[in-house]
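Hi,

Here is the structure I promised to pass on to you.

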Amino acid sequence: MATTAQMGMVSGSTDFETITVRRVGGVIGATVDGIDLARPLSATQVREVRAALLEHLVLFFSNQSLGPGELLAAARNFGEPSVYPFVKGVDGFPEVTEVLKLETETHNFGGVWHSDTSYLERPPMAGILHARELPPCGGDTVFSSSIAAYESLTPAMQAMLAPLRAVNSSAKADAATGRADRLRDRSSGRREPAEAVHPVVRTHPETGRKSLYVSRGHTLRIEGMTQAESAPLLDYLSDLQTRPEFSYRFRWTPGAVAFWDNRCTQHYAVNDYHGHRRSMLRVTLAGDVPR
Ligand code: SIN
């Protein structure tokens, strides 16, 4: 049985000067109060939010009111916004995409466990999602800690995984079967699937913590193996990472913002609100090559 430390739990939270941070999940997730993301942020605020993100992996802000330009400006405090492949940005803001499910649609965007665009050579460092229109109930997003999942493994399993690399492909992107993806051929110019090989165990470039870096949404196979040979291991690791103990389910409220560290988390958009509209604005921040 893994100890608390092995499961990636944080027993206490850092005190901050400009923001109030409260942990909400056992191993992932914290709310942040005392900040208006629509206003220019001080260097201290930016530093503290970044520190909270590294500690809690996903941060939730409430009652924010951000148009595309304000969301982009807020995102620029924390990194370099990047254009999301395959998906057209909103008018005038190529880095801001709308994650929209209409009343008439049944597929949603992101309805499979994934780490964003791990099929790119440099997947995003972070994602920021802002709720504009929500269904009366449902439409939650679940986040999971790939650090806690990795730390729960035995040393023997960790050693076995250490040299492995995996092929990630946008062709397996069940995550992108929603409306936004269906606009791609008309709007974004990118047609060919993207593929990238990354380590199965990734080391966080800022904290040095190790995490699993395979997902059901995008990981196709272990490098050097067939999909069939890889499937038992990938299924095991995907199931492990998405266990409730390593996850936190976020109930959106209008104006809420989720800011996640895409290098060591996965997320899943729950598709349980057919017949209702849900509209979110989203920005991703450029990342580095996983190592
Ligand atoms: C996504 O995968 O980025 C979408 C998440 C959501 O809409 O809840």
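First, the ground rules. This is a predicted model, where local features need pLDDT of at least 70, side-chain atom pairs count only at pLDDT 80 or more, and totals for chains, interfaces and linings use all residues. Residues are numbered from 1 along each chain as its sequence is written, and side-chain values use heavy atoms, with hydrogens and water left out.

**The ligand site**

Which residues surround the ligand? They are Val 99, Phe 109, Gly 110, His 114, Leu 129, Thr 141, His 267, Ala 269, Arg 278 and Arg 282; a residue is taken as near if one of its heavy atoms lies within 4 Å of the molecule. By class, this shell has four nonpolar, four polar and two charged residues. (Ala, Val, Leu, Ile, Met, Phe, Trp, Tyr, Cys and Pro count as nonpolar, Asp, Glu, Lys and Arg as charged, and the others, Gly among them, as polar.)

On its own the ligand has 260 Å² of accessible area, and the protein covers 100% of it (Shrake-Rupley method with a 1.4 Å probe; for residues, only the protein chains shown count as cover).

The space that the ligand takes is the largest cavity, a cavity being a set of points, on a 1 Å grid over the protein atoms alone, where a 1.4 Å probe fits but cannot get out. Strand E15 (265-269) and strand E16 (278-285) are the elements that give two or more residues to the ligand shell. Helices (H or I, at least four residues) and strands (E, at least two) are DSSP runs, numbered from the N terminus.

**Buried residues**

Lys 101 belongs to strand E5 (residues 96-101) and is buried, at 2% relative accessible area. (Buried means under 20%, exposed over 50%, and partly exposed in between, with a 1.4 Å probe and protein chains only.) Lys 101 is 178 residues from Ser 279 in sequence, yet their C-alpha atoms are 6.6 Å apart in space.

Ser 144, in strand E7 (residues 141-145), is also buried, with a relative accessible area of 0%. A polar atom of the Ser 144 side chain lies 3.2 Å from the backbone oxygen of Gln 241.

**Two positive phi angles**

Thr 117 is not a glycine, but has a positive phi of about 40 degrees. This residue lies in the loop between E5 and strand E6 (126-133). Is Thr 117 buried or exposed? Thr 117 is buried, at 0% relative accessible area.

Asn 63, likewise not a glycine, has a positive phi of about 55 degrees. Its loop runs between strand E3 (58-61) and helix H2 (68-76), and Asn 63 counts as exposed, at 66% relative accessibility.

Best wishes

How values were computed. 1 Å grid on protein atoms, 1.4 Å probe; cavity = no way out; pocket = protein on both sides within 12 Å on 5 of 7 lines; lining within 4 Å. Sits in = over half its atoms within 2 Å of the grid points. Polar contact = N/O pair within 3.5 Å; in protein donor to acceptor, adjacent residues only side chain to side chain.
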